[in-house]
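Subject: Handover of a structure

Dear colleague,

Please find below the structure that I am passing on to you. My notes on what was found in it follow directly after.

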Amino acid sequence: PFTDVVTSYLKLMNPIDRRVCFKVKTTAPKKYCVRPNSGVLEPKQVVNVAVMLQPFDYNPSEKNKHKFMVQTMIMPDGDVNVENLWRDAKPENLMDSKLRCVFDLPADGTVQNTSNLDSELKKIAEENKRLKEEIQQIKQENSQLKAEGLRLRSRGNPTSDAGSQLGATKDTKHHFDDRLQEQPQSPMLYLAVMLTIGLLGIFLGKFVV
């Protein structure tokens with residue numbers, strides 16, 4: 001019952017015909033959450049106040065030591081600032097109701113202790129962290145081995161780069177020769193041949209005459 005939030009309720013009722021303001025206090029404020037912890041009750045109004053016990057490690061010495069006190073005060077008529085009213089309140093105008101908290105223990109009188117569970121969770125987290133570090137180290141070693149293997153392979157075949165460059169040079173030369181063979185003849189060459197034949201014909205004609 002102390003590993004989860006446990007909620008109980010206080011029922012407050014205003015039996016008179018005037019407004020009453022209230023405030024709930026406890027001797028263990030870090031262990032309880034009270035909602036609402038203060039407010040105003042209209043005449044004949046009823047309010048349920050939730051008292052929530054927060055999870056904690058139970059200590060038998062704390063049994064019956066937690067107490068609550070409900071303070072009430074009749075509000076004057078008209079608009080009143082509640083905070084100022086509590087601050088300026090006289091002790092004789094306050095009404096107190098004290099309550100003692102009783103823990104309802106399991107039938108066997110034992111309470112589950114969460115300290116062992118927390119310890120186990122801590123060990124699991126540490127083991128998980130260690131495994132992640134080992135995996136990261138193995139990845140780094142694997143990368144180093146791959147790099148070393150590539151370096152050794154490049155040393156074992158030193159002529160591979162030179163052969164590749166030579167092959168690339170030969171391919172470039174063949175490609176250049178093919179382009180020269182495929183390049184079409186210039187029209188100016190045909191024109192020069194035709195002019196030469198024409199002049200030769202004129203010259204031979206004059207010689208024959």
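**The nonpolar cores**

The largest nonpolar core holds 19 residues, of which V24, Y32, V49, F68 and F103 touch the most other members. A nonpolar core is a set of buried Ala, Val, Leu, Ile, Met, Phe, Trp, Tyr and Cys residues joined through side-chain atoms within 4.5 Å. Buried means under 20% relative accessible area, exposed over 50%, and partly exposed in between (1.4 Å probe, protein chains only). Two or more residues of this core come from each of strand 1 (6–13), strand 2 (20–26), strand 3 (32–35), strand 5 (46–53) and strand 6 (67–74). Strand 5 contributes the most, with 4 residues. Helices (H or I, at least four residues) and strands (E, at least two) are DSSP runs, numbered from the N terminus. There is also a second, separate core of 5 residues, which includes C21, M75, L85 and W86. In soluble globular proteins, nonpolar side chains tend to be buried together.

Please note that this is a predicted model, in which local features need pLDDT of at least 70 and side-chain atom pairs count only at pLDDT 80 or more, while totals for chains, interfaces and linings use all residues. Residues are numbered from 1 along each chain as its sequence is written, and side-chain values use heavy atoms, with hydrogens and water left out.

**The aromatic pairs**

The structure holds 2 aromatic pairs. Rings of Phe, Tyr and Trp (its six-membered ring) pair if their centres lie within 6.5 Å; planes under 30 degrees apart count as stacked, over 60 as edge-to-face and the rest as tilted. Y32 and F68 form an edge-to-face pair, at 4.9 Å centre to centre and with 80° between the planes. This pair links distant parts of the chain, with Y32 in strand 3 and F68 in strand 6, 36 residues apart. Y32 is buried, at a relative accessible area of 9%, and F68 also counts as buried, at 8% relative accessibility. The ring centres of F56 and F103 are 6.1 Å apart and their planes stand at 45°, so this pair is tilted. F56 lies in the loop between strand 5 and strand 6, and F103 in the loop between strand 7 (95–100) and helix 2 (115–156), so the pair ties together parts 47 residues apart in sequence. Both F56 and F103 are buried.

In the order 1-5-3, 3 strands form an open sheet with antiparallel pairing. Strand 1 and strand 3 stand at the edges, each with a single partner strand, so one side of each has no neighbour in the sheet. Two strands pair if DSSP finds at least two bridges between them; strand 1 and strand 5 pair over 8 bridges. The bridge partner of M13 is V46, in strand 5.

**Two buried polar residues**

N14 is found in the loop between strand 1 and strand 2, and counts as buried at 2% relative accessibility. A polar atom of the N14 side chain lies 3.2 Å from the backbone nitrogen of I16, and a polar atom of that side chain lies 2.8 Å from the backbone oxygen of R18.

Q71 is found in strand 6 and counts as buried at 9% relative accessibility. Leaving aside residues up to four places away in sequence, Q71 touches residues including C21, F22, W86 and L94, where contact means heavy atoms within 4.5 Å.

Yours sincerely

Notes
A polar contact is a pair of N or O atoms within 3.5 Å; within protein, one must be able to donate a hydrogen and the other to accept it, and residues adjacent in sequence count only if both atoms are side-chain atoms.
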